[in-house]
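This report describes the fold, dimensions and surface of one protein model. Please view the sequence and the structure together while reading.

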Amino acid sequence: MLEVLVLSAIILLICLILFSVNVLLKKNGKFPNMHVGSNPALRKKGIKCARTQDFEAGIQKNLFERMQKEA
C-alpha cells in the first residue's frame, strides 16, 4: 500500500515538473489560456463558452419576452 502511494506521488511530481518546464524556461513564460473565448479559430466561427452565451441571451431579452417564450 505504501509503495503504491509513494509511486503515485513520484509520478505526480514528474508530471508537475514536465508541465512547468515551458513556463520556467521561457522569458515571461505563462501557462496557456485554455478558455474557449480565447481561441481565435472558435471566435472566428462565433463559438463562445456556455456561460457567455447564456449571459448574452439573458441580456438581450427582457422578462416579458422570456415569459412569452415559455408560454
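Where is M34 found? M34 is located in the loop between helix 1 and helix 2 (40-45).

## Basis of the model

This is a predicted model, in which local features need pLDDT of at least 70 and side-chain atom pairs count only at pLDDT 80 or more, while totals for chains, interfaces and linings use all residues. Residues are numbered from 1 along each chain as its sequence is written, and side-chain values use heavy atoms, with hydrogens and water left out.

The mean pLDDT of the protein (the predictor's confidence in each residue, from 0 to 100) is 81, and 92% of the residues score at least 70. Among the elements, helix 1 (residues 2-25) has the highest mean pLDDT, 89, and helix 4 (residues 63-70) the lowest, 75. Where pLDDT is low, the predicted coordinates should not be read in detail.

## Secondary structure and dimensions

The protein contains 4 helices and 0 strands, where helices (H or I, at least four residues) and strands (E, at least two) are DSSP runs numbered from the N terminus. The pattern along the sequence is α-α-α-α.

The radius of gyration of the protein is 22 Å, whereas a compact globule of 71 residues would have one near 11 Å. This radius is taken over C-alpha atoms, and the globule rule is 2.2 Å times the number of residues to the power 0.38. Along the principal axes, the C-alpha atoms fill a box of roughly 60 × 40 × 20 Å.

Of the 71 residues, 3% count as buried; buried means under 20% relative accessible area, exposed over 50%, and partly exposed in between (1.4 Å probe, protein chains only).

## Selected residues

M34 is exposed because its relative accessible area is 72%. The C-alpha atoms of M34 and A9, 25 residues apart along the chain, are separated by 26 Å. S38 is also in the loop between helix 1 and helix 2, and S38 counts as partly exposed because its relative accessibility is 28%. From S38 to N28, 10 residues away in sequence, the C-alpha distance is 19 Å.

A57 belongs to helix 3 (residues 50-60) and is partly exposed, at 37% relative accessibility.

## Cysteines

The whole structure holds 0 disulfides, a disulfide being a pair of cysteine sulfur atoms within 2.5 Å. C15 is partly exposed at 34% relative accessible area, and C49 is partly exposed at 29%.
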